[in-house]
Amino acid sequence: MYPQIDIDFQKEGRTVFCATSWVFFVGTHTSMKTRHVSLAADTEGGGGGGARGGVSDFLFSISMNFCRVEDSVHQSLLRAVSSDSCHWPPGLLVRHVAEHAQDYHQAVEWLMRYPLLAPCSFSVTGSGEVDGVVMERDGGLKVHSMALLSEEVEEEAAATEGED
């Protein structure tokens with residue numbers, strides 16, 4: 001097995017997102033995107049030894065796992081090459097979403113919308129109290145199942161209110 005590494009994907013000297021991956025793997029299975037705000041103050045007036053600080057706002061994180069299905073690899077590839085649309089390898093889609101999505105809601109939308117080469121499940125969390133979803137996708141466009149954290153929170157709140 002290849003060694004696992006932590007990567008900061010950067011653009012113009014700023015971290016766009018962080019990921020855990022393996023050496024020689026182009027995509028990512030786990031990614032986290034933050035909004036970085038750099039603060040720097042030169043309290044000494046001489047350019048050296050000033051105070052430095054930073055703020056990092058969590059936007060979303062994505063975790064992907066492959067699933068077993070009845071389709072063979074041959075059937076998945078045949079469906080992908082016979083289609084008019086581009087089918088994403090799940091690891092590359094996670095990387096693309098982490099790099100380009102602006103927020104949690106856009107990340108979830110893209111993970112639901114883009115066709116895939118292989119079946120998998122995505123777990124996505126956001127910065128809000130109820131921003132969370134787990135979705136199971138096939139090797140195409142279909143979303144087999146989806147569970148929203150907000151629904152579980154609402155059900156728990158309703159159950160708690162009923163007990164009072």
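**Notes on the predicted model**

1. The loop between β2 and β3 is where F24 sits. This is a predicted model, and the points below should be read as such. The phi of F24 is positive, about 75°, although F24 is not a glycine. By contrast, most residues other than glycine have a negative phi. F24 has a relative accessibility of 72%, over the 50% cut-off, and so counts as exposed.

2. E12 may be taken next. Its phi is near 55°, again a positive value in a residue that is not glycine. E12 is placed in the loop that runs between β1 (4-11) and β2. With a relative accessibility of 77%, E12 counts as exposed.

3. On the overall fold, the protein chain has four helices and seven strands. Their order along the sequence is β-β-β-β-α-α-α-β-β-β-α. The protein chain has 164 residues, of which 30% count as buried.

4. Which residues have the most contacts inside the largest nonpolar core? They are F60, I62, L93, V97, L111, F122 and V124, in a core of 20 residues. Two or more residues of this core come from each of β4 (52-66), α2, α3, β5 (120-126) and β6 (132-137). The element that gives the most is α3, with five residues. As background, nonpolar side chains tend to be buried together in soluble globular proteins.

5. Helix α2 covers residues 90-100, and its buried residues are P90, G91, L93, V94, V97 and A98. Why do the buried residues of α2 line one face of the helix? Seen down the axis of α2, they fall within an arc of 160°, so they line one face. Two of these buried residues, L93 and V97, are also among those with the most contacts inside the largest nonpolar core.

6. How many salt bridges does the count come to? The count comes to one. In this salt bridge the side chain of E109 meets that of R113, at 3.2 Å from N to O. Both residues belong to helix α3 (residues 104-113), where they are four residues apart, about one turn of the helix.

7. The largest pocket holds about 270 Å³ of space. It is lined by 13 residues, and the closest to its centre are R14, T15, V16, K33 and T34. The elements giving two or more residues to this lining are β2 (14-22) and β3 (30-40). β3 has the largest share, at four residues. By residue class, the lining divides into six charged, four polar and three nonpolar residues.

8. β2 and β3 give residues to the lining of the largest pocket, and the loop between β2 and β3 holds F24.

Methods. Residues numbered from 1 in each chain as written. Predicted model: local features only at pLDDT ≥ 70, side-chain atom pairs only at ≥ 80, totals over all residues. Heavy atoms only, no water. 1 Å grid on protein atoms, 1.4 Å probe; cavity = no way out; pocket = protein on both sides within 12 Å on 5 of 7 lines; lining within 4 Å. Points joined across faces, edges and corners; volume = space filled by probe spheres on them. Nonpolar A, V, L, I, M, F, W, Y, C, P; charged D, E, K, R; others polar. Salt bridge = Lys/Arg side-chain N within 4 Å of Asp/Glu carboxyl O. Buried < 20%, exposed > 50% of the residue type's maximum accessible area, 1.4 Å probe, protein only. Arc of directions from axis to C-beta. Core = buried A, V, L, I, M, F, W, Y, C linked by side-chain atoms within 4.5 Å.
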